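Biologist: Could you walk me through this model with me asking and you answering?

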Amino acid sequence: MSANPRENGSEFYVQKIPWEVNYDESRMPVYTLPKLLRCEDGTPVADAAAWLSRRRPELLRMFKEVMYGELPPLPDRVRYELLSEKKDARDGKAIRREVRIHFEMKNGRTHCIDLLYYLPANADGPVPVFVGLTFFGNHVITDEPDVRITGTAGGPEGARGEQVRRFPIDTILERGYALAVVSYHDIFPDRETGWADSIYKLFFSDDELKKRPAGYSSISAWAWGLSRILDYLETVPEIDASKAAVFGHSRLGKSSLWAGANDKRFKLVCVNDSGCGGAALSRRLYGETLFSMYHSNTVGKWWFTDTLEAKSGHPELLPLDQHELIALVAPRTVAVHSATEDRWADPKGEYLAVYHAGPVFELFGKTPLASETPPAPEHAVGTDVSYYCRIGKHDLLLSDWEHYLTMAERLFKR
Ligand code: GCU
């Protein structure tokens with residue numbers, strides 16, 4: 001009998017329509033991960049130099065072709081407009097600024113995004129920074145009544161302060177970090193017709209944007225936006241942009257991982273409950289799968305490329321898996337988080353992807369995760385490559401931030 005249960009009849013989980021979700025490890029097909037340290041032509045990758053010169057570019061190209069599409073180019077011109085500054089925000093603990101980032105093309109096309117950022121008021125020098133996107137607008141992360149309402153192009157507006165729990169601003173500031181956010185809708189409004197109101201309008205005409213331009217995705221737009229925020233932060237004297245962390249939760253965790261894989265300026269990559277198409281291995285058919293992403297209503301088809309849709313039923317045939325995406329961050333630092341009740345995102349699949357990325361970090365003298373068995377909940381493991389599983393639901397909460405801040409302290413203040 002074949003070793004692959006898929007070929008042994010259908011007692012194991014097989015993806016089909018109507019679509020069903022599998023939460024039973026014993027029903028999962030046996031899978032083999034693509035070899036991280038072997039080039040497409042079979043050449044083994046023996047050292048960091050071969051990884052950087054051959055395998056890394058090859059994998060990056062594959063992730064673009066198969067999953068996330070190209071990253072858009074740079075605009076012809078970028079202009080920064082200070083919209084507001086409050087020197088005694090948050091009871092004097094913070095300097096708060098809002099900045100409009102204008103992207104301009106020689107042919108007259110323009111687009112802008114609104115950045116909100118906080119600096120610790122008492123810093124005695126340039127500080128490291130956490131860069132991320134918000135769901136539903138900048139005003140959802142704070143109760144401050146004078147923070148602008150942003151991100152409304154995406155659909156219904158989030159309520160002021162609605163996601164305060166996800167952004168412990170004072171804790172982040174007290175630990176000595178700046179925090180910078182933009183609404184993801186500013187970059188690409190998260191809807192099927194979002195193309196025409198997104199940053200893609202810098203590069204394509206309205207007519208071209210009536211449908212998706214081949215080979216692009218909203219996740220690539222969000223990742224691109226994270227890098228453009230960092231371009232701006234590099235101009236801020238109070239920020240040490242050589243110490244930048246990128247973070248994101250859920251679909252924005254998929255985006256922060258993709259941004260971190262591409263942009264080497266992000267020295268710490270925080271990936272929260274990112275699940276399928278993020279940190280979780282695609283070959284594990286547990287919880288959300290690439291197939292279900294295209295057959296349930298929980299995912300926008302515009303998040304990924306069309307190419308992925310065509311291949312989503314057969315992740316075992318893909319030339320890549322998500323451990324290789326995590327490996328693209330090496331030798332920089334990565335922290336992947338799950339939550340015990342977030343089975344949809346497959347916590348074990350997220351852990352295993354981090355574990356299997358280990359050999360690449362080792363090429364750089366970094367420490368991989370030691371065990372193939374996930375740690376107990378709320379017990380963080382790893383230093384350069386790290387994993388943490390919070391007890392609770394799909395969310396981004398203080399205990400996640402405590403671990404991201406610990407990682408940042410280890411990295412930036414050594
Ligand atoms: C859904 C979707 C996930 C996604 C999440 C989110 O649950 O299935 O893939 O990560 O939404 O971004 O909120």
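Modeller: Gladly, and let's begin with Ser84: leaving aside neighbours within four places in sequence, Ser84 is in contact with Arg96, Arg97 and Glu98, where contact means heavy atoms within 4.5 Å. This is a predicted model, in which local features need pLDDT of at least 70, side-chain atom pairs count only at pLDDT 80 or more, and totals for chains, interfaces and linings use all residues. Residues are numbered from 1 along each chain as its sequence is written, and side-chain values use heavy atoms, with hydrogens and water left out.

Biologist: Which side chain does Ser84 join in a polar contact?

Modeller: Ser84 sits in strand S1 (residues 77-88); helices (H or I, at least four residues) and strands (E, at least two) are DSSP runs, numbered from the N terminus. A polar contact is a pair of N or O atoms within 3.5 Å; within protein, one must be able to donate a hydrogen and the other to accept it, and residues adjacent in sequence count only if both atoms are side-chain atoms. At 2.6 Å, the partner of the Ser84 side chain is that of Glu98.

Biologist: Thanks! How much of the ligand's accessible area does the protein cover?

Modeller: Around the ligand are Ser250, Arg251, Lys254, Glu288, Thr298, Val299, Trp303 and Trp344, each with a heavy atom within 4 Å of it. Oxygen atoms of the ligand lie 2.7 Å from a side-chain N or O atom of Arg251 and 2.9 Å from a polar side-chain atom of Trp344. Of the 320 Å² of accessible area that the ligand has on its own (Shrake-Rupley method, 1.4 Å probe), the protein covers 85%.

Biologist: At what angle do the axes of helix H1 and helix H6 cross?

Modeller: Two packed helices are described by the angle between their axes and the distance between the axes. Here axes are lines fitted to C-alpha atoms over the stretch in contact, and angles run from 0 to 180 degrees between N-to-C directions. The axes of H1 (residues 48-68) and H6 (residues 251-262) come within 11 Å, and they cross at roughly 145°.

Biologist: Which residues of H6 make that contact?

Modeller: On the H1 side, the contact is made by Arg56, Leu60, Phe63, Lys64 and Tyr68. Facing them from H6 are Trp258, Ala261 and Asn262.
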